[in-house]
Amino acid sequence: MHIGNDWDIVLKDIFESNSFRELILKVNDEYNKNTCFPIKQEVFNAIKLTPYNKVKVVIVGQDPYHGVGEAHGLSFSVLCEKLPPSLQNIYKELYDDLGIIPSKSGNLTCWANEGVLLLNSVLTVRKDCPASHKNLGWQDFTDEIIKRIEKKDEVVVYILWGNFARSKKSLITNPKHFVIESTHPSPFSARNGFFGSKPFSKCNKILIENGSSAINWEVK
């Protein structure tokens, strides 16, 4: 496995492990037999676009969108023109929180370039079958990513939306790091704690107060 940045060093022992090799064999088998997303070249986009030494914020998702033309390896981010309801609600909260006009684009690559690791817990999915790859072994790998981030001395802010993301709190042990949490931005739960939670301004306040720079949350 070659990511092309410092994650190659940070995760070297993982990439060389038997368990990771077995995971990749299972994933390749799925891609050979079924239509899966994202395309293979984009499966590791989260860590490709946000090097380890640049990670300031982690937004945890569950698994990729399972429709055609949507997922491209970043949690909550899509390439298609039609924005998923959860992302529409994220943009609504972004406007209410920071006054940022909702973008027509669902591509959150600009956040990744700012140091926001958009990490799904499961990195692949079968077409039209949500959570179809949850038992392949991805969660062991992505949990390991969080464990390595926990070794960073610099402040890191975790944004955990919904019960699944909040289940990762047990991995967050570094006293220098912070957690912002609420219900999920899904239409089913957004009005029960997500709307009005102001995660973006809270995150920037924490970063600035701890000697880091704020995230530019505008989606261009």
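Leu-123 is buried, its relative accessible area being 7%. The model in which this residue sits is a predicted one. Burial here stands for a relative accessible area under 20%, and the value for Leu-123 is therefore within the buried class. Leu-123 belongs to the loop that links β3 and β4, the latter spanning residues 125-126.

Apart from neighbours within four places in sequence, Leu-123 is in contact with Phe-37, Pro-38, Val-43, Phe-44, Pro-64, Trp-138, Phe-141 and Thr-142. A separation of 24 Å lies between the C-alpha atoms of Leu-123 and Pro-199, which are 76 residues apart along the chain.

## The sheet

Four strands make up an open sheet, arranged in the order β3-β2-β5-β6 with parallel pairing. The edges of this sheet are β3 and β6, each of which pairs on one side only. From one strand to the next, the twist averages 20 degrees.

The pairings can be followed strand by strand. Strand β2 (residues 57-61) is joined to strand β3 (residues 116-120) by five bridges, and the two run parallel. Within this pairing, Ile-59 stands opposite Leu-118 of β3, and Gly-61 stands opposite Asn-120 of β3. Strand β2 also pairs with strand β5 (residues 157-161), in the parallel sense and over four bridges; here Val-58 has Tyr-158 of β5 as its bridge partner. Strands β5 and β6 are parallel as well and are joined by five bridges, with Leu-160 opposite Glu-181 of β6.

## Two enclosed strands

Strand β2 is largely enclosed by the rest of the structure, because five of its five residues are buried. In a regular strand, side chains alternate between the two faces of the sheet. Both faces of β2 are covered: Val-57, Ile-59 and Gly-61 are buried on one side, and Val-58 and Val-60 are buried on the other.

The account for β3 is set out in the same terms. Five of the five residues of β3 are buried, so the strand is largely enclosed by the rest of the structure. On one side of β3 the buried residues are Val-116, Leu-118 and Asn-120, and on the other they are Leu-117 and Leu-119, so that both faces are covered.

## Helices lying across the sheet

Helix α7 lies across β2, β3 and β5, and runs at about 150 degrees to β3. Helix α9 lies across β2, β5 and β6, and its direction is at about 165 degrees to β5.

## The largest pocket

Rolling a probe the size of a water molecule over the atoms shows where empty space is left. The largest pocket has a volume of about 500 Å³. Its lining consists of 25 residues, of which Gln-62, Asp-63, Tyr-65, Ser-86 and His-184 are the closest to the centre. The elements that contribute two or more residues to this lining are β2, α5 (85-98) and α8 (162-166). Helix α8 provides the largest share, with four residues. By class, the lining of the largest pocket holds twelve nonpolar, twelve polar and one charged residues.

Ser-86, one of the residues closest to the centre of the largest pocket, is also in contact with Ser-186. Ser-186 is placed in the loop between β6 (178-182) and α9 (199-209). With a relative accessibility of 13%, Ser-186 counts as buried. Neighbours within four places in sequence aside, the contacts of Ser-186 are Ser-86 and Asn-89.

## The second largest pocket

The second largest pocket has a volume of about 190 Å³. Its lining is made up of Ile-14, Ser-17, Ser-19, Phe-20, Glu-22, Leu-23, Lys-26, Leu-136, Gly-137, Asp-140, Phe-141 and Glu-144. Helices α3 (18-33) and α7 (138-149) each supply at least two residues of this lining, and α3 gives the most, with five residues. The lining of the second largest pocket divides into five nonpolar, three polar and four charged residues.

Phe-141 lines the second largest pocket and is in contact with Leu-123. Helix α7, which supplies at least two residues of the lining, lies across β2, β3 and β5.

Technical notes
Residues numbered from 1 in each chain as written. Predicted model: local features only at pLDDT ≥ 70, side-chain atom pairs only at ≥ 80, totals over all residues. Heavy atoms only, no water. Buried < 20%, exposed > 50% of the residue type's maximum accessible area, 1.4 Å probe, protein only. Pairing = 2+ DSSP bridges. Contact = heavy atoms within 4.5 Å. 1 Å grid on protein atoms, 1.4 Å probe; cavity = no way out; pocket = protein on both sides within 12 Å on 5 of 7 lines; lining within 4 Å. Points joined across faces, edges and corners; volume = space filled by probe spheres on them. Nonpolar A, V, L, I, M, F, W, Y, C, P; charged D, E, K, R; others polar. Axes fitted to C-alpha atoms, helices over the stretch in contact; angles between N-to-C directions.
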